[in-house]
Amino acid sequence: MPLLNRLKEHRSKLGMNQTELGKLAGVSRQTISLIERGDYSPSVTLALKLAMICNVKVEDIFEYEEDENHEK
């Protein structure tokens with residue numbers, strides 16, 4: 001999946017578990033887990049909310065990586 005993330009790293013810096021972050025973001029612990037594993041790409045709204053909670057820019061958490069076979 002081309003969307004890489006550092007959500008777990010930022011969550012750990014805040015001393016939060018997945019459940020706590022999920023409650024603040026309005027999603028389940030399972031959703032946070034799926035995002036951290038790279039198995040789910042959050043909506044723009046959720047990505048912005050997570051960045052705001054972590055007090056960082058969206059780009060500090062999420063990074064889009066182009067597929068090597070994809071021409072620009």
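Helices here are DSSP runs of H or I with at least four residues, numbered from the N terminus. The model is predicted.

Q: Where do E9 and K13 lie, and how many residues apart are they?
A: Both residues belong to helix 1, four residues apart, which is about one turn of the helix.

Q: What makes E9 and K13 a salt bridge?
A: The closest N and O atoms of E9 and K13 are 3.8 Å apart. The criterion requires a Lys or Arg side-chain nitrogen within 4 Å of an Asp or Glu carboxyl oxygen, so the pair qualifies.

Q: Why is the contact of E63 with R6 called a salt bridge?
A: Their closest N and O atoms are 3.0 Å apart; the limit is 4 Å, so the contact counts.

Q: Which parts of the chain does the pair E63 and R6 link?
A: The pair links distant parts: E63 is in strand 2 (residues 62-64), and R6 is in the loop between strand 1 (3-5) and helix 1 (7-13), 57 residues apart.

Q: What makes R37 exposed?
A: Its relative accessible area is 53%, and the cut-off is over 50%, so R37 is exposed. R37 meets D39 in a salt bridge at 3.0 Å, N to O.

Q: How many salt bridges does the rule give?
A: The count comes to four.

Technical notes:
Residues numbered from 1 in each chain as written. Predicted model: local features only at pLDDT ≥ 70, side-chain atom pairs only at ≥ 80, totals over all residues. Heavy atoms only, no water. Helix = DSSP H or I, 4+ residues; strand = E, 2+ residues; numbered from the N terminus. Buried < 20%, exposed > 50% of the residue type's maximum accessible area, 1.4 Å probe, protein only.
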